[in-house]
Amino acid sequence: MWNTKELSGLDNRISTNTSPEMFFLKQKFFRERPVINCWCARLSYQKDNCEGSVFSVVQDVLRNEVMALLNPRFRILGSQRIHYDLYTSLNPYEGQILRTGDLRALKKSHFNPAWPVRIAIHGWAGKSTSCSNAALKDAYLSHGNFNVIIVDWSVISHDISYPRISQQLSEIAAHLVKFIRFLQREKDIELSSVYLIGHSAGSHIAGLAGKLLKPQQLGAIIALDPAGLAQLGLSADYRLAPDDALYVESIHTDTTHMGNPSFELSHAAFFPNWGQGQPQCPNATAAEFDFACDHFAALYYMAESVRNPKIFGAMKLSNSACMRGYNCTCLTGSYECPADAFMGGEPVVPKVGTYYLSTKANPPFGVGNVIPHRVATVTHDDLALANPSEKSGLHGFAVPCQ
């Protein structure tokens, strides 16, 4: 059995040897290298193992407000305090802090250029150590060998004014691009192996970063309930857009409050439970604010899809008009329809179009590759199943099978 110390030393020797013979050994080693299972002992996002209380967020916001009053340049200098927390199978619980240009920290870290890079970007009032980021990190590390990097721009995000934050998204994206270029230069990573996974405002930071990286392109951007609010109505130059990466996928779970209902942000847009009123809310994870449960649901769906890429079967809509009216019907007349595609996953599989799916009220949230046909009746506040005799806990809808 390999132990962590042996694997770390062998990783370093293989990564630094560039001979032709070592190239083939490297491919074999990283293909067959066992995944360290130490993180399976506990989940980082279990209650009390991560940061998710309303009190801590309010405390951080108030602290930043006081700092801004004491130092007028506090907000101006915010981007200089952005850092990047690296997690790998060799350090699944304790992040290693990386900063743009800090070559010493990068060389001392467990960053491995042979592994895919997955960069998570939190949203307004978020931080790298939040429960939702822990869920994503745990999911990727349970799936295989990855460099999971969580961007921490909390010194900016903990601001009572969202419009003020929105004006700084381009600056944060530019800082992220400098960091990615730093990794390219020092570790020779392929940009196509890099995914950005953004939540809320983080989705638009990802998109803006993708624009700045052109003509090179990221492998994928996964937008988890991309922010609406100040981003509603913006042109593609100032928000997430489909051409910001080789593939862009969006998952919309709170279109009525904090999220963005647009179909124009991505190549493929998924709307679980019509993009509102997620059935596990509040609050199956016991790790996020009840009032924002729908908004954070996309993060937990994505994490679950990384662990099981075939769990969120979805059906493609022939057009988006029926979604707006909540009057889609299953053309087969069956109560069950086969999935046309799967939401999320690792690696992502490119799709095109608008998709709908049901989820369950308790984990695992996905229903697999056969989608139950449920006709939903919609009010202003919620969705009621037309067939209340069903007891499966699925949130209902009916969509056309292709």
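The side chains of S128 and D152 are joined by a polar contact of 2.7 Å; a polar contact is a pair of N or O atoms within 3.5 Å, where within protein one must be able to donate a hydrogen and the other to accept it, and residues adjacent in sequence count only if both atoms are side-chain atoms. The model is a predicted one, in which local features need pLDDT of at least 70 and side-chain atom pairs count only at pLDDT 80 or more, while totals for chains, interfaces and linings use all residues. Residues are numbered from 1 along each chain as its sequence is written, and side-chain values use heavy atoms, with hydrogens and water left out.

S128 sits in the loop between β3 (117-121) and α5 (131-143); helices (H or I, at least four residues) and strands (E, at least two) are DSSP runs, numbered from the N terminus. S128 counts as buried because its relative accessibility is 4%, buried being under 20% relative accessible area, exposed over 50% and partly exposed in between (1.4 Å probe, protein chains only). Apart from neighbours within four places in sequence, the residues in contact with S128 are H83, D85, H122, N133, I150, V151 and D152, contact meaning heavy atoms within 4.5 Å.

Another polar contact of 2.7 Å links the side chains of H175 and Y84. H175 belongs to helix α8 (residues 169-187) and, at 16% relative accessibility, counts as buried.

The largest nonpolar core has 46 residues; such a core is a set of buried Ala, Val, Leu, Ile, Met, Phe, Trp, Tyr and Cys residues joined through side-chain atoms within 4.5 Å. Helix α8 gives the most to this core, with 9 residues. Among the residues with the most contacts inside the core are L176, L196 and L218. Leaving aside neighbours within four places in sequence, L218 is in contact with residues including I180, L191, V194, L196 and L246. A second, separate core of 39 residues includes A135, I197, A303 and Y355.

Some backbone angles remain. Most residues other than glycine have a negative phi, and most peptide bonds are trans. K214 and P215 are joined by a cis peptide bond with omega about 15°, and P215 is in the loop between α9 (201-213) and β6 (220-224). A cis bond also joins E346 and P347, with omega about -5°.

D225, not a glycine, has a positive phi of about 45°. D225 lies in the loop between β6 and β7 (248-251) and is buried, at 0% relative accessibility. W274 has a positive phi near 65° and is buried, with a relative accessible area of 2%.
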